[in-house]
Amino acid sequence: MTGPSAPPLLLGAALLWWGWQGGHPALALGLALLVEAAPRSPWRWHAEPRDFHRLADVTNLLFVAAALVLFAQHGARGVFALAGWLPLVLVPLVLGQRLSLGRRMPLGALFLSLRGRPGAPGAPEDAGVDVGFAYLAVVLVAALVEGGGPWLYPGTAALAAWALWAVRPRRTRALPWALLVLGAAGAGLAGFTGLQAGQSAVEARILAWFEQRLWQRSDPYRAETAIGQLGRLKLSDRILFHVHGHDPAGGPLLLRQASFRSYRHGTWHAPREGFSPVDRDGAADRWRLAPGAAPREVRLGIVLRRGRGLLPLPGDTTTLAGLPAEALVVNPWGAVVARKAPGFASVRVAHGGGASRDAPPGAQDLAVPEPQRELLAGLVAELGLAGRDPAEAEARLRAFFDEGFRYSLRSEAAFGGGTALARFLTRSRAGHCEYFATATVLLLRAAGLPARYATGYSVQEYLPLGAHVVRRRHAHSWALVWTGTRWRDVDLTPAVWVEADAAGAPWWQPLYDAASWVSFGFQRWRWAEREGLDAEDLLWLLPPLLGLLIWRLARRPLVLRRAREAAPAGPEAEGGVFAGAYACLAARLGPRAPGETLRAWWRRVAPGDGSDVPSAAVRELLDLRYRERFAPRGLSPAERERLARLAGEVERRLGRRRGRLRTSPGCSPGDRARRAGPGPRPPASR
Amino acid sequence: MPALRPRLFRLVHDASTALRRRLTPAGRVLAGAAGVAGALGVDTRQSHAAMLFTLGVALLLAALPFAALFRPRIEAMRRLPAHATAGRPFAYTLELRNHSRRTLRDLSAQEELAARPAGAAEWRARRARGRAGANWLDRAMGYPDWVALTRERQGAQIPAVPVPPLPPGGLARVTVQARPLRRGVLRFAGTRIARPDPLGLVNGLLRTGRPGDLVVLPARYPCAPPPLAGGRRAQPGGVALAGPVGDAQEVMSVRDYRPGDPLRRIHWRSWARTGRPIVKELQDEYFVRQALVLDMATEPGERFEAMVSVAASHLEPLAGPDALVDLFLLGVQATRLTSGRGLGSQEGLLAALASVQAAPAADPSAPRGALAHAAQGLSGAICVLADWDDPRRALVDALRGQGVTVAALVVSDAPDARPGPLAPGVRRVRAGHLAQDLAP
């Protein structure tokens with residue numbers, strides 16, 4: 001199997017098309033020139049199969065490196081970014097093939113399972129393939145991934161048609177072929193349009209379902225808790241952001257994303273009041289959330305998907321610095337949203353002064369839902385919470401929860417009546433942070449103290465690499481109580497919750513953390529330098545690729561191909577002692593056909609008995625010639641001398657009759673004299 | 001699970017073969033590109049890669065009807081050589097005649113070899129001998145083993161050949177190059193004619209041609225003539241049908257016919273005189289009679305194939321102009337085949353060697369008696385042995401005890417084995433280096 005070869009200029013045109021669609025025409029032009037110049041170059045790479053294997057291995061490594069970088073940058077969309085850059089990543093393979101002598105890529109370079117075991121019984125001979133068409137497909141896919149506009153499909157179809165024209169059977173006439181291709185291209189376009197319409201319809205249904213069922217934490221107006229759900233909560237270890245500069249001596253830092261006011265059937269809600277913009281504080285990346293000074297500062301390293309998101313901030317945050325967003329907005333319940341920000345932000349957060357960005361309490365902050373009202377009133381009376389100030393009430397509640405409650409991520413099926421919260425407070429006395437926070441809020445409210453339910457993250461885990469990390473499983477909820485002047489965090493969840501959540505961490509957690517750390521570092525570097533992904537971002541791949549090619553070319557013996565019009569390929573073009581004998585034989589018996597081996601030629605033209613051509617000498621001469629050319633160790637000095645003697649004998653025998661033969665270049669005493677001089681070892685020929 | 005794997009391999013292999021047959025190289029690239037583009041373009045909002053998917057599918061669908069409508073009437077006939085040799089490429093002629101009314105162009109012909117796919121037991125046995133594959137996944141799964149086994153069962157590699165344009169009623173002769181992968185019989189199942197559609201993507205296929213067989217002889221290597229005694233030895237009772245060149249056939253006496261006596265010994269005049277069959281008793285015949293003994297009590301595999309090759313390589317040096325050659329195949333039983341002096345040809349013995357199978361269950365000492373009985377008339381013997389253990393040593397000693405000059409060759413496939421003498425007249429050769437170890 002060898003496969004067809006891509007016609008001239010097709011790959012170059014496809015690369016230019018990719019450059020146009022992807023917005024990197026200069027890079028594409030460079031690649032196109034390289035790819036199209038390679039087969040026309042006078043330099044040939046004398047590559048063995050193992051050289052191709054190494055080239056493919058290095059290309060694979062580059063592929064993996066590019067994949068890591070692009071997936072770190074784009075997440076799941078990295079697959080499209082990778083597909084878009086594949087023409088650059090894979091170009092060494094195409095250049096290697098086009099520069100090689102055989103112009104074929106061994107299959108073993110592309111498929112590991114076909115490597116090794118040369119000559120194994122039954123193994124097919126690896127005649128190699130031309131990867132030109134496969135590369136064309138890669139380039140077309142890359143252009144489609146990166147491009148758009150009305151010309152995208154016609155251009156793709158035109159390039160595909162060019163390739164098809166090159167491989168069409170000889171019997172096919174131009175007009176029917178063109179009609180067939182046009183018809184198929186039209187059908188393809190109709191199919192794509194249909195796919196788009198179908199996807200829209202399916203998506204609309206799925207989105208409607210998701211909006212109803214799964215919209216959770218990112219909504220500042222609604223928090224659906226797991227209260228009442230059965231089984232163990234499975235929480236992810238994925239790192240969400242880093243926190244630098246937090247002093248753990250002051251206790252865990254609570255980073256709030258939102259707070260909520262009304263509780264019903266396991267879900268907390270906040271009134272849908274609009275966001276208002278936050279004022280800048282003297283600089284484009286500095287924002288003031290609340291007045292006053294702040295004694296402490298921490299730095300948050302946070303990834304903002306698509307440049308927007310709810311910011312997790314301490315409740316008493318006064319200013320944010322280092323956040324070059326287009327806008328920062330806040331709602332009355334303390335949710336802060338960044339809009340049109342970089343994909344990664346390293347935000348300096350000033351806090352600790354007791355400031356508050358939340359609206360003062362209202363009647364809703366004292367509301368207790370009807371199903372729990374009686375139970376809570378009983379507990380308030382039992383704990384003596386009524387009429388206490390917030391600090392005293394918090395102390396009594398802390399003592400209450402410390403006494404008989406424990407932290408658990410598992411909720412068992414309960415028998416008997418009552419709500420899940422009632423079961424938590426009266427029977428199971430075990431639950432996760434949402435139970436404790438909800439119970440705290442409702443008990444405080446029942447005692448006449450305004451309280452809210454807050455969600456966010458608790459900063460507790462310090463990574464030896466130099467910062468606190470916040471994982472998804474550090475998501476937390478707690479209560480806010482109104483002190484008369486501000487909202488204060490009240491977190492009565494038992495302190496063991498972090499250890500309990502971390503108990504299920506896998507053994508490879510440290511490796512994952514290290515990789516996550518590197519990824520964060522890369523993101524910081526990447527977003528500190530520029531705003532968007534430019535074509536130059538991946539140009540750093542080009543130097544190692546070119547370096548690799550130059551290294552490979554320098555390591556292998558290079559062959560300077562002579563101009564075609566100067567001399568044909570073959571022994572007659574090589575000089576050396578054999579060339580003279582061959583010239584005389586060719587003049588006498590006729591030259592070789594294109595692509596014909598010397599032995600096949602001799603079998604075809606060998607004269608019968610009675611001829612003056614010394615057949616035995618020619619046969620031995622051919623044997624020696626083949627061994628000279630193809631034996632790994634070449635000829636011994638004695639055999640080389642024998643080759644020269646036989647060639648001379650053939651020339652002498654046939655040269656005497658030269659006068660009666662048609663003239664042949666190389667078969668004359670003058671030619672012999674020229675050949676006798678020293679010269680380099682001849683290049684390859686068949 | 002292991003029993004399931006060969007079935008799965010067969011499914012994968014059949015599907016991939018069918019796909020390779022049906023799609024041209026350009027069609028395969030297009031189908032692959034469409035597949036990748038389809039996977040990338042599942043979400044048509046994220047990228048436009050699905051455009052290449054729909055374009056590729058549309059082109060392949062446009063090509064399919066042309067392939068399906070390819071139904072020409074073509075007759076194929078192959079002209080095979082008398083036999084081929086394992087590992088050595090050979091060529092033969094395939095004749096194709098067009099019985100259609102239109103000229104057929106862009107055809108190619110692919111010979112098909114009949115072979116049952118490798119079964120679970122053979123696959124396991126092969127894996128027990130050593131696993132193939134360049135990476136751990138291949139070695140763990142065993143697919144390369146299965147594919148190699150199936151290829152060996154097919155027996156040869158025969159690439160497709162292009163066919164020149166065939167006018168109506170026209171005949172084209174194409175030369176097919178084949179490379180036998182093993183000894184034995186190649187069974188040709190038919191010829192598959194392919195023609196790509198006008199786009200060059202999908203092949204129209206037609207199966208034609210007749211079944212045929214070709215015997216592939218074992219690989220043979222140049223080797224030195226064995227140092228065996230050339231003296232003639234008496235052949236008790238004579239050798240039926242052998243040409244008695246150089247010996248007078250004097251009648252010693254006559255006796256009554258006994259079942260088994262050759263017809264040419266009947267003394268017709270005495271029968272006419274007495275009315276009952278009488279045969280002549282002749283002077284004892286003396287021939288040079290050499291034996292080639294192949295020990296088959298070993299596992300199938302590379303070593304046994306090498307042993308067969310060693311035996312086949314020594315057939316020609318053994319066969320003299322007036323010598324008989326006995327081929328003894330020592331499996332569960334001893335089988336004796338004779339050639340020389342008009343009693344069958346050397347090719348016959350080679351054909352027998354082409355089809356011998358290892359007998360791993362055989363006891364190597366069991367056929368010693370039968371061989372010792374036949375040794376009375378032998379001048380010399382070459383024994384090709386799988387090992388140099390006590391039973392085989394006893395076999396050689398028994399032959400020598402009867403005055404037979406014995407040269408023994410022990411074939412070893414141990415990686416650290418060294419070629420050379422093991423005992424007087426006994427030499428070790430390596431399975432992977434026969435050309436080197438047998439060279440004169």
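This is a predicted model: local features need pLDDT of at least 70, side-chain atom pairs count only at pLDDT 80 or more; totals for chains, interfaces and linings use all residues.
First, the ground rules. Local features here need pLDDT of at least 70, side-chain atom pairs count only at pLDDT 80 or more, and totals for chains, interfaces and linings use all residues; side-chain values use heavy atoms, with hydrogens and water left out. Residues are numbered from 1 along each chain as its sequence is written, while chains are lettered from A and ligands numbered from 1 in the order in which they are written.

Let's start between the chains. Contact means heavy atoms within 4.5 Å. The area buried there is about 4,000 Å². Carbon and sulfur atoms give 67% of that area. Buried area is the accessible area, taken with a 1.4 Å probe, that two parts lose on being put together, summed over both.

Now the charges. Between chain A and chain B the count is one salt bridge. That term means a side-chain nitrogen of Lys or Arg within 4 Å of a carboxyl oxygen of Asp or Glu. The partners are A:Arg171 and B:Asp106, at 3.1 Å, N to O.

Nonpolar means Ala, Val, Leu, Ile, Met, Phe, Trp, Tyr, Cys and Pro; charged means Asp, Glu, Lys and Arg; the others, Gly among them, are polar.

Next, the whole structure. Over all chains, it holds 40 salt bridges. Look at B:Arg210 and B:Glu75, whose closest N and O atoms are 3.9 Å apart. This pair links distant parts of the chain, 135 residues apart. B:Arg210 is in the loop between β9 (203-208) and β10 (212-217) of chain B, and B:Glu75 is in strand β1 (residues 74-79).

On to helix packing in chain A. Axes are lines fitted to C-alpha atoms, for helices over the stretch in contact, and angles run from 0 to 180 degrees between N-to-C directions. Under 35 degrees counts as roughly parallel, over 145 as roughly antiparallel, 65 to 115 as roughly perpendicular, and the rest as oblique.

Take α1 (residues 10-22) and α2 (residues 25-37) of chain A. Their axes come within 8 Å and cross at roughly 170°. So α1(A) and α2(A) are roughly antiparallel. Residues in this contact include A:Leu15 and A:Trp18 of α1(A), and A:Leu31 and A:Val35 of α2(A). The classes are twelve nonpolar, two polar and one charged.

α1(A) also packs with α8(A), at about 170° with axes 10 Å apart. That makes α1(A) roughly antiparallel to α8(A). A:Trp17 of α1(A) and A:Trp162 of α8(A) are among the residues in this contact.

Last pair: how do α10 (residues 370-383) and α13 (residues 433-446) of chain A pack? Their angle is about 75°, with axes 9 Å apart. They are therefore roughly perpendicular. A:Leu376, A:Leu379 and A:Val380 of α10(A) meet A:Leu442, A:Leu443 and A:Ala446 of α13(A). By class, that contact has six nonpolar, no polar and no charged residues.

Conventions
Helices (H or I, at least four residues) and strands (E, at least two) are DSSP runs, numbered from the N terminus.
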